[in-house]
Amino acid sequence: MVPLLGEEEAQAAADAVRSGWVAQGPRVARFEQEFAAAVGAAHGVAVSSCTTALHLALVLLGVGPGDEVVVPSLSFIATANAVRYVGATPVFADVDLATGNLTVDTIEAVRTPRTRAVIAVHQGGVPFDTAALRKAADGWGVGLVEDAACAAGSTAYGQPAGAGAAIAAWSFHPRKLITTGEGGMVTVDDAGHAARLRRLREHGMNVSAADRHASAQPVLEAYLETAYNYRMTDIQAAVGLVQLGRLPGLVTQRRALAARYQELLAGVDGLVPVRDPAYGHTNYQSFWVLLNPSFGTSRDEALAELAARGVSARRGIMAAHLEPAYADVTPGPLPVTERLTRDSLILPLHHALTEDDQDHVVGVLRDLARR
């Protein structure tokens, strides 16, 4: 991944610095409004990362010690970590082989009376079945947190991936389509939830710093609960506003590159590229391929050969339950998760990728398949 950053972002950041207001302020407020509109949400609350967004989502839902939260093991480790931040227990569920996402059935297999919430991930930008999971969560009486870290620009059932989500967490890390360097967003459909999230990200203050400074009279703020410092700066938001304007074009370009990969790889035996699910479109934040036994080369051998020939690929999505940090957790069987993390790899896909680059990547994979 290579982030698309140019003179417009540099100028926007410089303008924020020259304005004298560099902490959370008017640019953050504008970014929240425009991002929420872009992803089909009612309210946006900017924070310091998607990890802090997930943490605040669970705090908002009242999840705590004694509660269980169903999560996919097949996700960046922050998804599971956020559950531990609130003292709850992460319960790992398996995923669908084609999408890498939780399904109603895989959640149902591990759900218990202690389940308080589910964190479902739009993995690599591939949307999960929002209609099915939202309906199931309502029926179970549990909160559904949508980990949309990778999903800006993805769609489900003809709508942006965040449309209709009660609560979703987003990332602006440089690996994502749009970036603010570091940063995140929580989107919610309830104004009261948005107001509390704004307090939670700013030490529990009932009046923001920006509102205090805007007042002509002294404002004596109160701190309503123990909270956090999870704020975004106006410098980051200034960059984010420019990046947000690039999003539609980036999605179009990435989908065209992904379609070309799929076409070129169609005849390679034993290799299965990621594709759109029937109910939505992915932004192809990550383009992964699954290696079947008939491919004849292991994932790690393929990564080594790609690197030797100048291709920066990486292993497929990690499985948190296999990491040392979760060695004390004994999950149920996760065969699909373990297959995907063992046998998949992520190919280069970014705005600067050329057709010649793609031809070279595919040529290496074809050579490996012929061995």
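Modeller: In this predicted model, Lys and Arg count as positive and Asp and Glu as negative. On that count the chain has 31 positive and 39 negative charges, and their mean positions are 1 Å apart.

Colleague: How do you know that the radius of gyration of the chain agrees with that of a compact globule?

Modeller: For 371 residues, a compact globule would have a radius of gyration near 21 Å. The chain has 21 Å, so the value agrees with the rule. Along its principal axes, the C-alpha trace spans about 75 × 55 × 35 Å.

Colleague: Why is Glu68 called buried?

Modeller: Buried means under 20% relative accessible area. Glu68 has 11%, which is under that limit, and therefore Glu68 is called buried. Glu68 is found in strand 2, residues 68-72. Across the chain, 53% of the 371 residues are buried.

Colleague: Which residues does Glu68 touch, leaving aside those up to four places away in sequence?

Modeller: A contact needs heavy atoms within 4.5 Å. Glu68 has such contacts with Thr89, Val91, Thr112, Arg114, Thr115, Arg116 and Ala117. As for Arg196, 128 residues from Glu68 along the chain, the C-alpha atoms of the two are separated by 23 Å.

Colleague: What makes strand 5 mostly covered?

Modeller: Five of the five residues in strand 5, residues 143-147, are buried. Gly143, Val145 and Asp147 point one way, while Leu144 and Glu146 point the other way, and all are buried.

Colleague: How do you know that strand 4 and strand 5 pair?

Modeller: Two strands pair if there are at least two bridges between them. Strand 4, residues 115-121, and strand 5 have five bridges, so they meet that condition. The sense is parallel. One of the bridges joins Val118 to Leu144 in strand 5.

Colleague: What makes strand 6 and strand 7 a pair?

Modeller: Strand 6, residues 155-156, and strand 7 share two bridges in the antiparallel sense. The condition is at least two, so the pair qualifies. Ala156 has Gln159 in strand 7 as a bridge partner.

Colleague: Why are strand 7 and strand 11 called edge strands?

Modeller: The sheet is open and has three strands in the order 7-6-11, with antiparallel pairing. Strand 7 (159-160) and strand 11 (280-281) each pair on one side only.

Colleague: How many helices and strands does the chain have?

Modeller: There are 12 helices and 14 strands. Among contacts with a separation of 6 or more, 72% are between residues 24 or more positions apart.

Key. Residues numbered from 1 in each chain as written. Predicted model: local features only at pLDDT ≥ 70, side-chain atom pairs only at ≥ 80, totals over all residues. Heavy atoms only, no water. Helix = DSSP H or I, 4+ residues; strand = E, 2+ residues; numbered from the N terminus. Rg over C-alpha atoms; globule rule 2.2 N^0.38 Å. Buried < 20%, exposed > 50% of the residue type's maximum accessible area, 1.4 Å probe, protein only. Charge placed at Lys NZ, Arg CZ, Asp CG, Glu CD.
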